[in-house]
Amino acid sequence: MEVLKMANSRVCLLRHSFNSFLRTALPTRRFVMSSSISSKEPLVASLSAKEAVITSNDSENPKNSTRWKPMCLYYTQDKCTMMQDSSHLQKFNHGFSLEHAVNADEYKNKHSEHFDFFLVLDLEGKVEILEFPVLMIDARTMDVVAFFHRFVRPSRMSEERVNQYIKGKYGKLGVDRVWHDTAIPFDEVIVQFEEWMAKHSLCSKELGGPLHRAAFVTCGNWDIKTKIPAQCEVSKMKLPSYFMEWINLKDIYLNFYKRRAPGMRTMMNELKIPLLGSHHLGIDDTKNIWRVLQRMLMDGAVLKITARRNPLIPEKVEFLFENRIK
Ligand SMILES: [Zn+2]
């Protein structure tokens with residue numbers, strides 16, 4: 001499956017970059033040149049046929065058995081230029097909602113009284129942040145209603161170091177090219193993220209302040225407690241006020257199921273949810289965390305804030321659950 005996905009990603013990236021080259025260099029001959037791409041179609045078609053066999057094997061609920069295909073990582077960043085190309089649309093996902101439809105009828109009346117939306121966030125990057133993906137989940141339907149995804153360009157690393165870093169991390173997933181095509185510095189990501197939040201009435205861009213009827217959901221405390229402030233320091237920015245509190249799904253899991261889960265994969269194994277996509281590709285991890293979140297809500301878990309910063313001393317974090325993963 002991984003091999004197929006990588007092969008497909010490469011085909012996608014090649015076609016994307018080739019098409020953008022054509023648009024830049026030979027705009028009037030695009031149709032003619034595009035036809036020459038079609039000579040590669042047998043390869044694409046055979047991959048596509050094999051890909052169609054790939055399904056999630058959620059044997060507990062046949063309704064959840066859905067065909068899986070890789071996300072278009074240009075689309076997730078509002079940069080897909082191939083939305084008119086039907087073979088591209090067939091090969092890559094350009095949406096979230098149809099993939100993991102759950103039966104919302106079973107779930108009604110269980111919905112959160114605390115929040116209208118959950119923002120599932122799963123950062124990637126150890127030295128500096130490399131990827132910033134957020135899924136906006138409707139707390140009532142448990143569906144993705146919007147998403148924000150950016151690859152992030154480190155600000156304190158030499159070009160050579162960045163290239164090595166990206167080759168090591170994203171090269172093996174076959175998405176290093178899209179990273180290089182799209183990554184922008186963290187401060188620009190935050191500006192765009194705030195515009196996105198304002199558009200969805202999650203937070204007032206002018207006033208700043210906490211989230212409005214929404215909460216970040218992360219797998220662990222590292223993302224918001226540690227990595228965001230560290231990156232803000234590197235990028236010489238003030239810590240945005242909406243990163244003051246969050247829900248650590250591991251703590252909710254521990255208190256609800258009465259068992260520890262050190263990571264996302266453990267939760268997925270125990271709940272018998274098959275891992276989809278590439279683990280440690282941030283956008284795929286957010287989707288898997290979303291599926292864990294769906295299951296936990298279906299099972300009756302109530303999501304509450306698990307950690308909150310001291311408003312006067314933001315580096316001080318208060319953990320609100322007595323039983324928690326340390
Ligand atoms: Zn696309």
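**Exercise 1.** Which residues of H8 are buried?

Solution. This is a predicted model, in which local features need pLDDT of at least 70, side-chain atom pairs count only at pLDDT 80 or more, and totals for chains, interfaces and linings use all residues. Residues are numbered from 1 along each chain as its sequence is written.

Step 1. Locate the helix: H8 covers residues 186-199. Helices (H or I, at least four residues) and strands (E, at least two) are DSSP runs, numbered from the N terminus.

Step 2. Apply the burial criterion: a residue is buried if 20 or more other C-beta atoms, placed from the backbone, lie within 10 Å of its own, exposed if 12 or fewer, and partly exposed in between. In H8, Phe-186, Val-189 and Met-197 are buried.

Step 3. Find their side: these residues cover an arc of only 70° around the axis, so they sit on the same side of H8. The arc is that of the directions from the helix axis to the C-beta atoms.

Step 4. Turn to the face away from the buried side, where Glu-195 and Lys-199 are exposed.

Step 5. Identify the cover: the buried residues of H8 are covered by elements including S2, strand S3 (144-153), S4 and H9.

**Exercise 2.** Describe the order and the edges of the sheet.

Solution. Step 1. Write the order: the open sheet has eight strands, arranged S4-S3-S2-S1-S5-S6-S7-S8, with mixed pairing. Two strands pair if DSSP finds at least two bridges between them.

Step 2. Look at the ends: strand S4 (184-185) and strand S8 (317-319) are the edge strands, each pairing on one side only.

**Exercise 3.** Work out the surroundings of strand S1.

Solution. Step 1. Take the S2 side: S1 (residues 117-121) and S2 (residues 131-138) pair in the antiparallel sense over five bridges. Phe-118 stands opposite Ile-137 in S2, and Leu-119 opposite Met-136.

Step 2. Take the S5 side: here the pairing with S1 is parallel, over four bridges. Phe-117 faces Ala-214 of S5.

Step 3. Sort the side chains. In a regular strand the side chains alternate between the two faces of the sheet. From S1, Phe-117, Leu-119 and Leu-121 point one way, while Phe-118 and Val-120 point the other way.

Step 4. Check burial: five of the five residues of S1 are buried, and the strand is mostly covered.

**Exercise 4.** How many helices and strands does the protein chain have?

Solution. The chain comes to twelve helices and eight strands. Of its 326 residues, 35% count as buried.

Note on methods:
The expected span of a helix is 1.5 Å times one less than its number of residues. Two residues are in contact if their C-beta atoms, placed from the backbone, lie within 7 Å.
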